[in-house]
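Subject: Structure for your review

Dear colleague,

My notes on it follow directly after.

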Amino acid sequence: MSQVFHYLDNRRKVHKEAINFCQKILQLKSVDWQPIFRNNLLQPIRNVDLVVTVGGDGTLLQASHFMDDSIPVLGVNSDPTQAEEVEEFSNEFDATRSTGYLCTATVKNFEQVLDSFLEGQSVPSNLSRISVSVNSKVQSTYALNDILIAHPCPATVSRFSFKIKRDDQTCSPLVNCRSSGLRVSTAAGSTAAMLSAGGFAMPILSQDLQYMVREPISPGAAISGLMHGLIKSDQSMDATWFSKEGLIYVDGSHVFYTIQNGDTIEISSKAPVLQVVLPPHLSS
């Protein structure tokens, strides 16, 4: 157990060193900048030319919830997974860290990546996000990765129906579900929980959304093919919730909205995009 504590304490130190390193680099540049810890981020981010996140994908996701489509974000993975450590500790604990899928830099190349942006050599990519409306009211937080609609208790059945629409035209039959919930992901989020659940990875710049009904209970042959599919960029999903209570989780467990029996939910990619400075292998 002491080895686990030592390992976790070392991760804390590495992360803190990465923050200090990035701050020192910024001090060398002819830019005005201001640090803020993620737990203190409570208001929309405005009047800046770039947001730099230091942490992992979770840090970038949290920052994105306070950003519109006018400001780019550059992610720095403060503590990338080391394959040799994962192998070394495999019989004791999981040494895997944040994937850093959307992070374009580490401490090793942060200055180079920052200079490339400041000199106009790297152009941010526009990533689609998910807009959610409950009873025709647009919710304030847009999902960069995914949303999960489910009963608060994971052992309780989630009851809902949905159909895919284009404008006012129905594109699919009404699907009635009893399941563990409904997940909808963006292209950027399709390599996360969606992929783990059996979905497929999408081109990161796609404007479509991917949905999957989680663990459907005995879907009939007529609708079994509708348990997993796409919501095209010109379409939306209209869902109705039929359980006594429910939650809409946005990009994980920290941001959520409550729903109740009879509530209607509209899901689409008609949300402000997020400008992200992507790693070269994703932006090319």
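Two strands are taken to pair if DSSP finds at least two bridges between them. By that rule E3 and strand E17 (residues 274-276) are partners, joined over three bridges in the antiparallel sense. Please bear in mind throughout that this is a predicted model.

The sheet and its helices

Within that pair, leucine 127 stands opposite leucine 274, which belongs to E17. Both strands belong to an open sheet of four strands, in the order E1-E2-E17-E3, and the pairing in this sheet is mixed. Its edges are formed by strand E1 (51-55) and strand E3 (125-127), each of which pairs on one side only. On average, neighbouring strands of the sheet are turned by 35° against each other, direction ignored.

Two helices lie across E1 and strand E2 (72-77). Helix H1 (residues 2-28) lies across both strands and runs at about 155° to E1. Helix H4 (residues 110-118) also lies across E1 and E2, running at about 170° to E2.

Which residues of H4 are buried? They are Phe110, Val113, Leu114, Ser116 and Phe117. These residues lie on the same side of H4, because they cover an arc of only 160° around the axis. The cover over the buried residues of H4 includes H1, E1 and E2. Just after H4, glycine 120 takes a positive phi of about 75°.

Cysteines

A search of the whole structure finds zero disulfides. For cysteine 22, the closest cysteine sulfur is that of cysteine 103, and at 11 Å it is too far for a bond; the cut-off for a disulfide is sulfur atoms within 2.5 Å. Both of these cysteines are buried: cysteine 22 has a relative accessible area of 3%, and cysteine 103 has a relative accessibility of 7%.

Aromatic residues

The structure holds six aromatic pairs. One of them is formed by phenylalanine 160 and tryptophan 241, whose rings are stacked, at 6.0 Å centre to centre and with 5° between the planes. Phenylalanine 160 lies in strand E7 (residues 158-166) and tryptophan 241 in strand E13 (residues 236-241), so this pair ties together parts that are 81 residues apart in sequence. Phenylalanine 160 is buried, at a relative accessible area of 3%, and tryptophan 241 is buried as well, at 1%. Elsewhere, Tyr7, Phe89 and Phe93 form one aromatic cluster.

A buried loop residue

Is isoleucine 130 buried or exposed? With a relative accessibility of 0%, isoleucine 130 counts as buried. This residue lies in the loop between E3 and strand E4 (131-134). Leaving aside residues up to four places away in sequence, isoleucine 130 touches Tyr142, Ala143, Asp146, Ile147, Val184, Ser185, Thr186, Leu209, Ile267, Ser268 and Ala271.

With kind regards

Technical notes:
Residues numbered from 1 in each chain as written. Predicted model: local features only at pLDDT ≥ 70, side-chain atom pairs only at ≥ 80, totals over all residues. Heavy atoms only, no water. Axes fitted to C-alpha atoms, helices over the stretch in contact; angles between N-to-C directions. Contact = heavy atoms within 4.5 Å. Buried < 20%, exposed > 50% of the residue type's maximum accessible area, 1.4 Å probe, protein only. Arc of directions from axis to C-beta. Phe/Tyr/Trp six-rings, centres within 6.5 Å; stacked < 30°, edge-to-face > 60°.
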